[in-house]
Amino acid sequence: MAGTETDGQERTEKATSKRLQEARKKGQVPRSRDLNTTLLLLLSSLAFLVLGPGMLEGMIGMIRGGLEIPRARLFDPEQLLTALVHDFHYTLLLLAPFLLVTLIAALLGPLALGGWAFSAEALAFDLTKLDPVKGLGRLFSAQGLVELVKSIAKVVLVGGVATAMLWQFRNQILSMSYEPLWSAAAHGAHLIGVTLLVLSAALVVIAAIDVPFQIWNHGRQLRMTRQEVKDEFKETEGDPQIRARVRRLQREMAQRRMMEEVPKADVVVTNPTHFAVALRYDQERMGAPRVVAKGVDLVALKIRSVAQANGVPVFSAPPLARALYHRTKLEQEVPAALYVAVAQVLAYVYHLRAAREGGFEEPPPPTDLPVPDEPGAGPR
């Protein structure tokens, strides 16, 4: 039972959303039979009061028609069968509005508390439900005690209200014996409808007490131990150590792919030691230079080493390196604010490459690159 100790732990934690979903799949949702009964009786009695006069008038007309059948028709089986089918259809039409209201009332109860839950598991045959020991346990449990108290309260309340209604209508009930038959029937039906309505309204008190109790009891039955909450979190989110290992492997794979792009870069801009950003520009495929690798400290050192090993120029421009690192992401083009500075670096690299290939004098490196201030990024 909820709230008891399980494996040395007490069920003190509220049910998680996963636990609630699993319980709903099994058909375990808060239900109040008193709420269902009250709604059914209340709406049915209201429908009886509103639709009763029309139904009674229709039934009286049908009975009169049945008593006025011509003698010749009584001895014709086909006409009798036709009359029976007609009266059957007519009765269904008379009762259809009332039956529809009753059906809606029966559906509103479960919808109001817990919602509709269709579960094949709840309909499955379970031998444990026939266990007499468990049955006695439920009978003498706290739930059984609550149901006993509610039953006694309902008997006292309904009995008291019914007695008061009979006393209130005693004169009208006695006077119906002096009324014509159909008038007395209509009067009696009205008194029955009013009595049912008042009795249903009285049951609202029981339902108002039972609904909060059923919600609380449902939550209590689904409570979990702290260990169950931890185990469920591990099942849902994964073991923290495993997640950390997966993230580390993902970083290593991303870094490996990034290092594979460094030999294809046109230039590596450095800080010169803390930052390193590798840029590549393809005039036919790219609208602007793109960052293919970047990193700080040890990663920056590895980028420089790979670049030098593959003959990629390494250009020292601390402000530009910091700006590129903080303002760009991998595989994205450099921002427009850095176009001019990056263009000057790439132009220098292209001239440098051409000079080395042609044996010309190497051009001087650009200085005073136009790099806007980088907010939030301190110098390193």
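Predicted model: local features only at pLDDT ≥ 70, side-chain atom pairs only at ≥ 80, totals over all residues.
## A pair of partners

Strand β4 covers residues 275-280, and six bridges join β4 to β5. The two strands run antiparallel. In general, the strands of a sheet pair through backbone hydrogen bonds, either parallel or antiparallel.

## The whole sheet

Where do β4 and β5 sit in the sheet? The sheet is open and has four strands, in the order β5-β4-β3-β6. Its pairing is mixed. At the edges you will find β5 (290-296) and β6 (314-316), each of which pairs on one side only. On average, neighbouring strands are turned by 20° against each other, with direction ignored.

## Helices on the sheet

Now look for helix α12, residues 298-309, which packs on this sheet. Helix α12 touches β3 (267-270), β4, β5 and β6, and its direction makes about 130° with that of β5.

Helix α14, residues 339-358, packs on the sheet as well. Which strands does helix α14 touch? They are β3, β4 and β6. The direction of helix α14 makes about 125° with that of β3.

## A nonpolar patch

Elsewhere in the chain, find I104 in helix α4, which spans residues 77-112. Together with L100, L103, L107, L108, L111 and W116, I104 makes a nonpolar surface patch of about 650 Å².

Why does I104 count as partly exposed? Its relative accessible area is 43%, and partly exposed means between the limits of 20% for buried and 50% for exposed.

Terms used:
Residues numbered from 1 in each chain as written. Heavy atoms only, no water. Patch = residues over 30% accessible without salt bridge, like charges linked within 9 Å, V, L, I, M, F, W, Y side chains within 5 Å. Areas by Shrake-Rupley, 256 points an atom, 1.4 Å probe, with all protein chains shown as cover. Salt bridge = Lys/Arg side-chain N within 4 Å of Asp/Glu carboxyl O. Buried < 20%, exposed > 50% of the residue type's maximum accessible area, 1.4 Å probe, protein only. Pairing = 2+ DSSP bridges. Axes fitted to C-alpha atoms, helices over the stretch in contact; angles between N-to-C directions. Contact = heavy atoms within 4.5 Å.
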